[in-house]
Amino acid sequence: MADYNPFNPNSVVTPTLFAGRTQQVLHIVNKLSQVKRGMSSSFFLHGERGIGKTALAKLIISIAESGNKNLKDLNFLTSYYSAEKGQHFTSVLQASLNQLTDKLPSSSIKRLSERLGDIFKNGKFSL
Ligand SMILES: Nc1ncnc2c1ncn2[C@@H]1O[C@H](COP(=O)(O)OP(=O)(O)OP(=O)(O)O)[C@@H](O)[C@H]1O
Ligand SMILES: [Mg+2]
């Protein structure tokens, strides 16, 4: 770990170096746990350039996938997608969904195919 750069914006900050944000993390984890209970949920991270939005988002991704019992046992599939300027919402949604399906076992793909019809073929969404 000697050459690990904690200020690399492309990676999650090393947990031991990740400072603050406890309240934000707990707030968002609570929102995500609503989803587990069948309710929809969304949140918006905003703040000054370089304040740590992406780092927080990536920390949340790792928590959401972790199935950590102390953090609501979320065990979610996640995707990270950067939308291009002018990109239509439909294509953002399609790309994000297909990142999720890439991580699904074939039994789940099969079940989705049976339920979703034309928008889901050969393990891929086309919207
Ligand atoms: N909680 C934190 N503890 C320690 N370092 C952090 C923390 N959050 C972010 N950093 C560091 O600060 C830098 C900027 O963070 P980040 O890229 O997440 O900011 P941002 O708000 O997404 O920036 P931009 O507005 O440019 O997208 C990164 O190099 C990251 O490693
Ligand atoms: Mg950012």
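**H1 against H2.** Helix H1 (residues 22-36) packs on H2 at about 50°, and the axes are 11 Å apart. For the record, axes are lines fitted to C-alpha atoms, for helices over the stretch in contact, with angles from 0 to 180 degrees between N-to-C directions. I noted the contact residues next: Gln24, Val25, Ile28, Val29 and Leu32 in H1 meet Leu56, Leu59, Ile60, Ile63 and Ala64 in H2. Contact here needs C-beta atoms, placed from the backbone, within 7 Å. By class I get nine nonpolar, one polar and no charged residues (Ala, Val, Leu, Ile, Met, Phe, Trp, Tyr, Cys and Pro are nonpolar; Asp, Glu, Lys and Arg charged; the others, Gly among them, polar).

**Ground rules.** Residues are numbered from 1 along each chain as its sequence is written, while chains are lettered from A and ligands numbered from 1 in the order in which they are written. The model is predicted, and local features need pLDDT of at least 70, side-chain atom pairs count only at pLDDT 80 or more, and totals for chains, interfaces and linings use all residues.

**Layout.** I find four helices and two strands, in the order α-α-α-α-β-β from the N terminus. These are DSSP runs numbered from the N terminus, helices being H or I of at least four residues and strands E of at least two.

**Burial.** Of the 127 residues, 5% count as buried (20 or more other C-beta atoms within 10 Å of its own; 12 or fewer is exposed, in between partly exposed; C-beta atoms placed from the backbone). The largest nonpolar core has six residues: Ile28, Ala55, Leu56, Ile60, Ile63 and Ala64. H2 gives the most to this core, five residues. A core is a set of buried Ala, Val, Leu, Ile, Met, Phe, Trp, Tyr and Cys residues joined through C-beta atoms within 7 Å. Then I checked H4 (residues 106-116): zero of its eleven residues are buried, so H4 lies largely in the open.

**Positive phi.** Most residues other than glycine have a negative phi. Asp73 has a positive one, near 50°, in the loop between H2 (53-66) and H3 (89-101). Asn122 also has a positive phi, about 50°, between strands E1 (120-121) and E2 (124-125). Asn122 is exposed because it has 7 C-beta neighbours inside 10 Å.

Conventions:
Two residues are in contact if their C-beta atoms, placed from the backbone, lie within 7 Å.
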